[in-house]
Amino acid sequence: MSVTLDLARPRPAATPAPVNLTGLTRAQLSAALVSSGVATPAAARMRAGQVWGWLHKHGVTSFDAMSNVAKEARAALADRFMLTRPEIAERQESVDGTIKWLIRFAPGIEAETVFIPNVGQGSGALCVSSQVGCTLNCTFCHTGTQALVRNLTAAEIIAQVQVARDDLGEWTAAPGERRLTNVVFMGMGEPLYNLDAVADALDVISDNEGIAISRRRITVSTSGVVPQLKALGERTGAALAISLHATTDALRDELVPINRKYPIAELLAAIRAYPGLSNARRVTFEYVMLKGINDSPAEARALVRLLAGIPAKINLIPFNPWPGSPYVCSDRAAIDAFATIVNRAGYASPIRRPRGRDILAACGQLKSESEKQRASVRRSASAAES
């Protein structure tokens with residue numbers, strides 16, 4: 001009988017990465033504190049409330065800053081969890097005050113986030129990403145030319161709000177003094193393909209004892225993932241925006257390819273059934289103005305007929321060019337004529353003022369290029385050579 005000895009040194013079990021508490025809902029935070037032994041079940045709600053306030057009301061990045069938490073509990077929290085912010089790979093500011101951050105969550109995992117000041121009286125909007133890249137391939141959208149890398153986690157979505165509030169100095173600002181008042185899920189990716197993370201992030205962002213941005217000031221934009229629309233409304237209560245851009249299936253198939261799976265009639269039926277839709281909570285239809293493609297008076301009249309009976313606002317978006325784009329923005333006269341027809345039919349149809357075009361931060365221009373050398377690196381290299 002022969003015996004073979006295995007002399008290979010056993011590999012130690014991989015240590016799981018610490019959980020970032022930023023991405024947890026209140027219920028998840030309480031459960032994490034109990035399962036880690038940081039709090040007893042009886043004390044979990046109180047302890048979670050303390051931690052929650054420091055994270056989302058004060059924006060701290062160190063457990064040591066949580067002065068009303070016992071020293072032993074702070075040490076236990078630091079041993080088991082983390083509060084780290086992602087890296088800001090690049091920050092650009094437009095001549096119009098728009099700020100764009102390229103945020104690196106991990107090697108090769110980068111997304112862009114944009115703050116647009118003064119979108120209304122005393123308000124500013126943060127455009128957040130829900131994915132790195134996109135699968136939808138809308139032909140007028142720069143993001144659509146970047147392959148999907150992965151979904152962002154709830155913590156990574158919330159981190160975009162934290163990064164913006166850090167930069168804007170908003171953690172100590174009184175509610176009436178805040179510049180960041182609205183959040184729009186209109187950045188990179190299709191939010192409804194990442195609904196679990198989007199819903200959790202929205203719960204955190206809207207909590208009154210934390211970041212406290214009202215759900216009525218949070219808008220989720222989708223290209224039309226019909227099966228998820230009802231769940232979006234029921235789970236989030238967010239305002240709904242639809243990336244429409246055409247009045248016929250033939251044209252929308254070309255501009256927004258997901259239309260081949262969920263055509264216009266099916267999309268509109270789901271919108272009419274959206275939870276909470278009313279004259280007080282209208283759906284926003286986004287319509288990019290493409291010269292000679294979808295900007296004729298006939299298209300405007302067709303749009304009015306198509307949306308008849310739906311409580312709606314129609315945002316007309318002058319096309320924002322990007323390198324290699326195949327389209328041209330409609331002339332201002334054509335946009336004005338289109339808006340007049342829609343207005344006369346009783347729909348609010350504001351013409352969106354392009355913001356951040358000079359830094360490719362406008363609608364449809366976002367692209368992280370994670371798979372390529374970043375523009376900032378090329379500029380640094382060029383400066384060094386000079």
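**Loops and a helix pair**

Analyst: Let's start with Asn 137, which sits in the loop between β7 (131-132) and β8 (150-151); helices (H or I, at least four residues) and strands (E, at least two) are DSSP runs, numbered from the N terminus. This is a predicted model: local features need pLDDT of at least 70, side-chain atom pairs count only at pLDDT 80 or more, and totals for chains, interfaces and linings use all residues. Residues are numbered from 1 along each chain as its sequence is written, and side-chain values use heavy atoms, leaving out hydrogens and water.

Asn 137 isn't a glycine, yet its phi is positive, near 55 degrees. Its relative accessibility is 44%, so Asn 137 counts as partly exposed (buried is under 20% relative accessible area, exposed over 50%, partly exposed in between, with a 1.4 Å probe and protein chains only). Ala 212, in the loop between α5 (195-206) and β10 (218-222), also has a positive phi, about 60 degrees. At 29% relative accessibility, Ala 212 is partly exposed too.

Now for helix α4, residues 154-168. Of its 15 residues, 13 are buried. Just after α4 comes Gly 169, with a positive phi of about 65 degrees.

How does α4 meet α5? Heavy atoms within 4.5 Å count as a contact. On the α4 side, the contact is made by Ala 154, Ile 157, Ile 158 and Val 161. On the α5 side, the contact uses Ala 197, Val 198, Asp 200, Ala 201, Val 204 and Ile 205.
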